[in-house]
Amino acid sequence: MFAKPLSEYIASSYAEPPEAYRDDLRVLDELREAATAALDVNHTALKRNTRYYGQLSFILSKFPADVNINFTWHNAFVVESEVSCADLYFERASVLFNIGAAYSQLGCREGHNDKDSLNRAFGHFQNAAGVFAHLRQKVVSECRTQLTTDLSSYMLTTLENLMLCQAQECVWHRSVLNHMKDANIARVSAYVAELYDLAIQSGSQGSLANTIPTGWLEHLKIKMLYFRAEAQSRKSMDCLANSHYGEEVSRLQAANDYCNQINEIVVYDQRWSKLIRVAVLEMVKSQSELISGNRQRAEHDNDVIYLDPVPAISSLPEISPYKLAQPTIPEIIENPGMFLGGDELGPPLFKALVPFVIHQAASLYEDRKDQLVNKDLIGALDELTADCESVLNSLNLPHALEAIQKPIGLPPNILMGADEIRSDGGYLGIKRLIDSAIASNTRATDMIDSAEKALDEEAHEDQRVRQGVNRNSPRTQRVESSELTNKFRADISKYRGVLVRARESDGTIKAQIDTWSKFFSLLGSPREEIERQVPSTTANPITDPHHTQIVGRLQQYMNEITVMKRERLKSIENLKRISAEDDITPALNEEMQRLSQKQQSSILQFELHQFEDVFAVRLDKYLAWRKYFEEEREAQIELLDSVREANQAFIVARSRHPLLQQREKSLSNLEIAVKRYREASFNLHDGARFYGSLEAELTKLKDGCLDFAMARHIDALELMGVGQGETPVDLAQAPESSDLSLNHHPQQQPPPPPQNLVWDPSMPLKYTNPK
């Protein structure tokens with residue numbers, strides 16, 4: 001259906017070869033065929049329709065809605081009524097209607113006797129209501145043709161309300177199963193009745209009475225009356241429990257009235273009793289008997305015992321409905337673009353169908369935006385933060401403050417680092433990792449050596465085979481080893497270089513581990529041992545009020561720095577989000593359309609410089625971020641100046657306490673040790689993955705070299721005339737002057753030379769047949 005019209009449109013409007021989109025056209029036709037097949041009640045059918053709907057939503061941005069394709073759909077309730085039109089929006093609306101129907105039928109298939117089934121049914125009916133609501137509010141309005149009545153606003157509203165009725169009814173079933181309080185069940189029932197009433201009202205509008213299947217409205221009326229009676233009956237039970245005997249009687253009378261109205265509908269025309277499900281009629285009968293019995297009992301008890309005034313039914317307080325069922329639009333329906341490229345909808349079809357100049361312009365804009373956002377703004381902000389960290393590290397902050405504020409024990413970051421190191425095995429654990437890395441490098445080097453040795457031995461053998469024979473001998477005509485082993489030796493050279501660099505990296509890591517080994521061992525010890533090794537005091541040694549004020553001021557500045565960095569990170573993330581969401585393609589398409597209208601030629605040509613105004617407008621919105629950077633820089637300079645001043649006073653205040661200085665240095669070293677351990681651990685785990693992958697590659701290389709050497713050795717034996725069952729010539733021990741051609745046996749004919757003297761490493765080995 002789609003292939004021919006869309007191919008013609010691609011060729012005429014996009015000036016691209018339709019063959020490039022052959023697979024997309026085929027997939028689209030397959031999706032349409034699957035979506036228009038008989039609607040099975042299962043999740044597979046729902047997924048098929050959803051995928052087609054998602055792809056239709058996407059290709060509407062690539063093709064006009066009135067592309068030359070006629071879509072025919074029948075009215076869901078009047079099969080004889082159909083619409084045929086060239087409108088992609090109508091096609092999408094029809095598919096979405098079937099998606100709502102599929103959710104509805106999945107809900108109907110669930111049972112009502114267990115909570116899990118009721119929960120699933122509740123979700124399906126809410127999704128169905130959401131789909132019909134979305135269809136009415138967003139999709140149908142875009143259609144450009146006269147629609148059948150099943151897509152009218154009244155019908156979609158009716159279907160939405162009907163789905164909500166059934167969803168809320170699932171809540172009622174679940175409430176009864178869970179033995180909820182009667183007052184709550186009454187509220188749930190009241191909202192079921194309210195929803196059925198809304199469905200009746202919308203279903204009675206216009207010509208829908210002639211469209212809706214026979215018996216639907218009567219069925220809805222019976223269900224509405226049933227749940228009104230149920231609400232009053234449950235509320236009467238609550239009244240009885242709370243000793244409101246007069247109200248109990250009145251509510252049972254109201255419930256009985258609703259039961260009588262149901263009977264009037266069924267008795268008035270026996271056709272309805274045949275159209276209504278037997279289970280519903282049995283529910284009605286059972287309810288009527290229960291309410292009648294309770295009413296007689298309540299009236300008797302109140303007349304004889306309680307004598308409580310019975311209020312008029314019209315004066316009874318309304319039962320506040322408990323509204324749980326709501327239309328829920330599946331996210332894949334509301335925002336299908338979020339799921340394109342995933343398993344749900346598959347890759348977007350015709351994704352590349354954009355004029356080439358738009359691709360170029362978008363790429364140019366992305367480059368400029370990247371330079372502005374990531375380098376000029378985010379890079380500068382990161383550098384600002386790094387400068388702040390550098391200043392604080394040079395002042396030994398916040399370690400110096402922590403040493404005073406926590407004179408004993410360890411800071412949380414060191415404790416967390418120690419726990420992490422201890423769980424990894426401490427120093428011995430990381431030493432095993434570096435030893436494993438070094439051993440892996442050694443094994444890999446041995447594999448390369450073995451491969452190279454096999455090639456070298458084969459090359460020496462090749463030279464010996466050629467010695468002592470004339471130029472016309474088959475032994476001199478075989479291809480030299482050097483011509484066949486270029487790729488092998490290039491790979492060997494490449495991997496040797498890789499291993500040398502890896503060995504140097506391992507050496508650097510090992511040196512770092514050796515340097516910090518004592519700290520790693522300490523951090524892997526129990527917490528009590530670490531605390532014992534760190535100098536501590538029993539109390540804050542700075543007790544002078546003036547000095548305490550100095551410490552407080554410095555701590556305040558440090559808190560301000562923490563807040564500043566945290567807010568800066570949030571701003572950077574916000575800037576990244578804005579940049580990621582900044583898609584200039586729609587603006588470029590709009591500009592292209594504007595330029596197209598100005599051009600008189602039928603052949604439209606565009607140049608990148610024509611989009612410069614669009615670039616300028618889009619990039620101007622980042623100017624505010626330049627101002628933000630300047631404000632951050634000035635604020636940081638001022639704050640760090642305050643920190644330096646406060647720290648100078650702090651140094652003077654603590655200069656009389658050498659034990660504090662020792663504690664500061666110890667805590668600083670431990671924090672650095674935690675960082676070094678994490679760096680080494682990360683690099684070694686990354687190295688383990690590297691060596692695992694490299695070993696597989698080297699195994700393949702080694703096996704290839706050994707296979708090559710073996711094949712060439714067998715080839716040499718064949719040239720020497722040595723077959724199975726004969727004593728092979730020891731080429732390694734043959735004298736220089738030996739005539740290895742075996743031509744000194746005139747009574748024997750020399751074996752014919754092999755047809756193919758060149759061994760192809762990609763071919764399997766072939767051995768000679770036994771003589």
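Which side chain does the side chain of K369 make a polar contact with? That would be E366, at 3.2 Å, where a polar contact is a pair of N or O atoms within 3.5 Å, one able to donate a hydrogen and the other to accept it, and residues adjacent in sequence count only if both atoms are side-chain atoms. Keep in mind that this is a predicted model, with local features needing pLDDT of at least 70 and side-chain atom pairs counting only at pLDDT 80 or more, while totals for chains, interfaces and linings use all residues. Residues are numbered from 1 along each chain as its sequence is written, and side-chain values use heavy atoms, leaving out hydrogens and water.

**Around K369**
- K369 is found in helix α14, residues 356-394 (helices are DSSP runs of H or I, at least four residues, numbered from the N terminus).
- K369 is buried at 3% relative accessible area (buried means under 20%, with a 1.4 Å probe and protein chains only).
- The K369 side chain also reaches the backbone oxygen of D582, at 3.1 Å.
- Leaving aside residues up to four places away in sequence, K369 touches N374, S579, D582, L619 and Y622 (contact means heavy atoms within 4.5 Å).

**Where α2 meets α3**
- The axes of α2 (residues 22-35) and α3 (residues 43-59) come within 9 Å and cross at roughly 135 degrees (axes are lines fitted to C-alpha atoms over the stretch in contact, and angles run from 0 to 180 degrees between N-to-C directions).
- On the α2 side, L28, L31, R32, A34 and A35 meet R48, N49, R51, Y52, Q55 and I59 of α3.

Notes: Helices (H or I, at least four residues) and strands (E, at least two) are DSSP runs, numbered from the N terminus. Buried means under 20% relative accessible area, exposed over 50%, partly exposed in between (1.4 Å probe, protein chains only).
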